[in-house]
Amino acid sequence: MRVHVDAWDPSYGRSFEADAGGAAGPAAASSAPVDAAVERPTGAWAPLTPPGEVRSPHTVLLVDGVRRIDARVWVEDDEGVARPGVCASYAAGAVRCDLAGGAAELALSAVTHGLFAPGPSVAPLRAHDRAVYVPHRVVGDDPSQVDAELQRRLYELEVQVSQRVRAEAGSKDDLLVVDGPLRGRTGMPRTLGYAKTHHKQYLDGDLTRVVTALAPGQRTPLFLLGGQWHRYSWYLRLPAGASSAPTRSAPIGSPWSGIVRLECPADWSLPDAIGWADLSAVTLPRFASTPYKDPRAPQNLVPIAGLERRLRGLLGDPRLLLRGLRTAATRTSAAPAGAGAVPARTTA
């Protein structure tokens with residue numbers, strides 16, 4: 001009998017949604033069609049080490065977003081029926097990492113505020129001049145739909161930031177890594193999706209054992225994921241700490257510790273997709289975080305953690321926002337409904 005302790009801080013949940021056994025990996029089997037034989041036959045699956053000639057790009061761009069609930073609200077209709085909602089602040093940004101210079105800087109950020117609730121239309125709530133909570137009507141009375149709509153709006157903001165930072169990038173020797181799936185960003189060149197938390201099981205037991213056998217810096221062969229849209233995907237294990245030359249030591253924690261899943265568009269040629277998979281394996285391990293610095297180490301990359309801290313600071317002081325929302329709520333009966341949307345605050 002063996003016991004594994006997940007490396008992540010328990011307040012962040014698990015790095016994977018485990019089955020009843022607790023260590024076999026993601027519990028929910030995906031319904032998406034999977035072709036695991038695109039790079040090599042499934043019987044020949046084994047951990048892959050990138051060729052020695054693969055070199056990291058000069059620049060890496062990383063995109064992520066943050067969200068925060070600023071207030072719980074109730075929206076009351078003309079019949080006196082009140083429905084719960086939230087006022088939330090959310091932001092997305094991109095950090096530019098100069099690998100040759102060893103420096104990282106905020107390349108772009110966008111901040112916005114929203115009121116998410118079912119029921120009738122309401123006027124925007126102005127907490128102060130730079131924080132206007134634009135109403136977003138949620139369909140249905142299920143409280144989970146409020147959170148889903150907030151998450152959808154955050155994802156849309158991340159897509160906008162991804163598209164803008166890719167359009168503004170002057171270098172052809174760069175790599176853009178976006179948090180989560182590539183959905184909505186498949187047309188952007190040199191762009192990979194990055195999933196640090198695993199909710200679905202895409203591979204069968206024999207192939208999953210290849211995933212858990214990965215050493216730091218190694219990846220699985222590519223597999224093709226179908227469904228609403230197609231993409232190539234692969235798993236990569238990060239080292240337990242940042243290092244430009246990741247060690248081959250045994251992983252700390254569960255068998256899935258340090259495992260991330262990456263993806264690229266299926267309309268890329270297979271040789272190109274393999275090349276970008278190898279590039280990810282020589283580039284991303286250098287950004288791996290360490291447990292004493294980050295409760296989601298090593299999957300929450302060091303530049304991403306810095307970006308998250310910066311974005312949270314841009315959301316505004318939660319105490320001042322809450323006070324402003326309380327004041328604004330007293331004026332909602334006199335405010336005109338259906339006011340136009342207020343664009344996100346964007347900085348470069």
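1. Arg190 lies in the loop between strand 8 (174–179) and strand 9 (191–195). Its phi is near 55°, a positive value in a residue other than glycine. Most residues other than glycine have a negative phi. Arg190 also counts as buried, at 15% relative accessibility. Please keep in mind here, and in every point below, that this is a predicted model.

2. The peptide bond that joins Ala297 and Pro298 is cis, with omega about -5°. Most peptide bonds are trans. As for where this sits, Pro298 belongs to the loop between helix 3 (270–283) and helix 4 (302–314).

3. Now to the aromatic side chains. How many aromatic pairs are there? The count comes to five. One of them is formed by Tyr235 and Trp256: the ring centres are 5.6 Å apart and the planes are at 90°, so this pair is edge-to-face. Tyr235 lies in strand 12 (residues 231–237), while Trp256 is in the loop between strand 12 and strand 13 (259–265), so the contact ties together parts that are 21 residues apart in sequence. Both partners are away from the surface: Tyr235 is buried, with a relative accessible area of 2%, and Trp256 is buried, with a relative accessible area of 2%.

4. Trp268 and Trp276 make another pair. Their ring centres are 6.0 Å apart and their planes are at 50°, so the geometry is tilted. Trp268 and Trp276 are both buried.

5. Along with Trp45 and Phe223, Tyr235 and Trp256 form one aromatic cluster.

6. The charged end of Arg183 sits over the ring of Tyr155, 4.7 Å from the ring centre. Likewise, Arg231 has its charged end over the ring of Trp229, 4.4 Å from the centre of that ring.

7. Last, the cysteines. How many disulfides does a search of the whole structure find? The search finds zero.

Conventions: Residues are numbered from 1 along each chain as its sequence is written. This is a predicted model: local features need pLDDT of at least 70, side-chain atom pairs count only at pLDDT 80 or more; totals for chains, interfaces and linings use all residues. Side-chain values use heavy atoms; hydrogens and water are left out. A disulfide is a pair of cysteine sulfur atoms within 2.5 Å. Rings of Phe, Tyr and Trp (its six-membered ring) pair if their centres lie within 6.5 Å; planes under 30 degrees apart count as stacked, over 60 as edge-to-face and the rest as tilted. Helices (H or I, at least four residues) and strands (E, at least two) are DSSP runs, numbered from the N terminus. Buried means under 20% relative accessible area, exposed over 50%, partly exposed in between (1.4 Å probe, protein chains only). A charge sits over a ring if NZ of Lys or CZ of Arg is within 6 Å of the ring centre and within 35 degrees of the ring normal.
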